[in-house]
Amino acid sequence: MRQILQPGRPAPERIQWAEARGHAFSFMLQAGLPLLEAACRGFAAEGFAGGTLNIRAGALGPFAYVMPALSKTGENAAFYSDTFRPAGITRLRMGAMTLGRRDGAPFFHCHGLWTEADGRAGGGHIVPEETVVAEPFEVDAFGLDGALFTAEPDPETNFKLFGPIPSAAAAAKTAARTNAKTTSTTTSRAYALRLRPNQDFAGALEAFCREHGIISAKLHGGVGSIIGARFADGRTVEPFATEMAVRSGMIASDASGTPKATLDVALVDYLGGLTMGRLARGDNPVLMTMELVLEVLDGT
């Protein structure tokens, strides 16, 4: 399986995780608000400080993004491009978001594919500080109680990256809001995960489920990168630096009780190629990170 040398020493724990309770819900993003503020408002209305979003379609403008790129300094295994700011309204085709905190304030990590006002198809990493909701649109969310994605320096990749951290304070606040009848209660057992580099995406999820006795689970969110791509239908992406978003993901056990992951994704590579499809199991190693939530379906 493909490997990319990272600048720092690999952390012994290859999957960073935190157990939590969660709740799936949908809400409308309000037009005229920065995308970050609109997302935060939707989660706060349900009593959550963070979680994940999956976007089916939407309209953004102003809009800013970066693409994956080669590192110019060698301080990282890959980097990102200069910022692009297309004119007019950009129409999202799909996207996935992790909502958490960075430097003590709300922040998100969001990848997607879209069509710009001039008809150009694009994809990449959406810049929180410069992106505004142009028209109201609905998103599917999963709120976390008891864990929060928090950006911290990662010596292995030399980036500041989201990882899940247990958050008792968030749980207490959610409980208080629930008692005040201003939020929904959590309904599911969930695990917030960050997969570290150079391990197969599907294989890592399957191993995690085996170790934690999970028979079936639904993936929420799904933001990160893999080293090129190998798809179940035989297609390949050779450029190694990508930005990826999960379109849908499930873990289900086969007749022998072995968990098997089904992962449908969309990605952009550093040459600008856009690809969607179902990943092959066993041959899609993580490049920098992969953030997601597993909602346990076999009991709560």
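1. Ground rules. The model is predicted: local features need pLDDT of at least 70, side-chain atom pairs count only at pLDDT 80 or more, and totals for chains, interfaces and linings use all residues. Residues are numbered from 1 along each chain as its sequence is written, and side-chain values use heavy atoms, with hydrogens and water left out.

2. Disulfides. A disulfide here is a pair of cysteine sulfur atoms within 2.5 Å. The count is zero. Cys40 takes part in none; its nearest cysteine sulfur belongs to Cys110, 13 Å away. That distance is too far for a bond.

3. Cysteine burial. Buried means under 20% relative accessible area, exposed over 50%, partly exposed in between (1.4 Å probe, protein chains only). Cys110 is buried, at 0%. Cys40 is also buried, with a relative accessible area of 19%.

4. Helix 1. Helices (H or I, at least four residues) and strands (E, at least two) are DSSP runs, numbered from the N terminus. Helix 1 spans residues 35-45. Its buried residues are Leu35, Leu36, Ala38, Ala39, Cys40, Gly42 and Phe43. An α-helix has 3.6 residues a turn, so residues three or four places apart point the same way. After helix 1 comes Gly47, with a positive phi near 90°.

5. Strands 12 and 13. Two strands pair if DSSP finds at least two bridges between them. Strand 12 (residues 147-154) and strand 13 (residues 159-166) run antiparallel, joined by eight bridges. Phe149 has Pro164 in strand 13 as its bridge partner. The two strands form a hairpin with four residues between them. In the turn, Asn158 has a positive phi of about 65°.
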